[in-house]
Amino acid sequence: VYFSAAHAKKPAGIEQLPPSGQTITDITAQLGFDTEKLNNYELGFKSSWGGGFGDLILNGALFFEAFSDKQVSVQRADDSGNLNRFTTNAGSVEVIGTEFDFVWQPPLEGLTFAGGYTWLPKAKYEELLDSNDSAFQITGAGNCVIEIIDTEPRCLISSAGKRLEMA
């Protein structure tokens, strides 16, 4: 049986180099993103048994992950109307899950069974606001609060409560 706790960081950055005529200060304000932070806690077990029915290795764990300023990809249209991928920060994300895996070698030479399963009952954005004008993003979010930025209307879309991608 084991317990682990960890804290991790993914560094801040800038999405791309500034176009001609813009300073790094200009582009940092527009395309910069903050450091992602993660606190991870895990309680689990590792076991192995041998006997008349072969050898069995069985492992399992319960885990909780709390992200702040999680770095996520969003799509935004540029001045020409082309969609581009940008990195932004979600306010917070929580993931709760469990995982199990096994390896069983029955007493028949050369035969092995292995498998694993992960269950994520909670893997949702607690906060994620994005100012966007991409019809694809707005339709996917299903909500839009109009805001005016530099005299241009944009949608402030919220993905709070939505499931994490690929979770």
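L43 belongs to strand β4, strands being DSSP runs of E with at least two residues, numbered from the N terminus. The model is predicted: local features need pLDDT of at least 70, side-chain atom pairs count only at pLDDT 80 or more, and totals for chains, interfaces and linings use all residues. Residues are numbered from 1 along each chain as its sequence is written, and side-chain values use heavy atoms, without hydrogens or water.

**Nonpolar patch**
- L43 has a relative accessible area of 45% and is therefore partly exposed, a class between buried (under 20%) and exposed (over 50%), with a 1.4 Å probe and protein chains only.
- Together with V1, F3, Y41, F45, L62 and F100, L43 forms a nonpolar patch on the surface, with about 740 Å² of accessible area in total.
- Such patches join nonpolar side chains within 5 Å, from residues with over 30% relative accessible area and no salt bridge.
- Strand β4 (residues 36–51) gives the most to this patch, with 3 residues.

**Aromatic pairs**
- The whole structure holds 3 aromatic pairs, defined by ring centres within 6.5 Å; planes under 30 degrees apart are stacked, over 60 edge-to-face and the rest tilted.
- F45 and F100 form a tilted pair, because their planes lie at 50°, with centres 6.5 Å apart.
- This pair links distant parts of the chain, F45 in strand β4 and F100 in strand β6 (residues 83–105), 55 residues apart.
- W104 and F113 form a stacked pair, 5.5 Å centre to centre with 20° between the planes.
- W104 is partly exposed at 33% relative accessible area, and F113 is partly exposed at 38%.

Methods:
Patches are made of residues with over 30% relative accessible area and no salt bridge: like charges are joined within 9 Å, nonpolar side chains (Val, Leu, Ile, Met, Phe, Trp, Tyr) within 5 Å. Accessible areas come from the Shrake-Rupley method with a 1.4 Å probe; for residues, only the protein chains shown count as cover. A salt bridge is a side-chain nitrogen of Lys or Arg within 4 Å of a carboxyl oxygen of Asp or Glu. Helices (H or I, at least four residues) and strands (E, at least two) are DSSP runs, numbered from the N terminus. Rings of Phe, Tyr and Trp (its six-membered ring) pair if their centres lie within 6.5 Å; planes under 30 degrees apart count as stacked, over 60 as edge-to-face and the rest as tilted.
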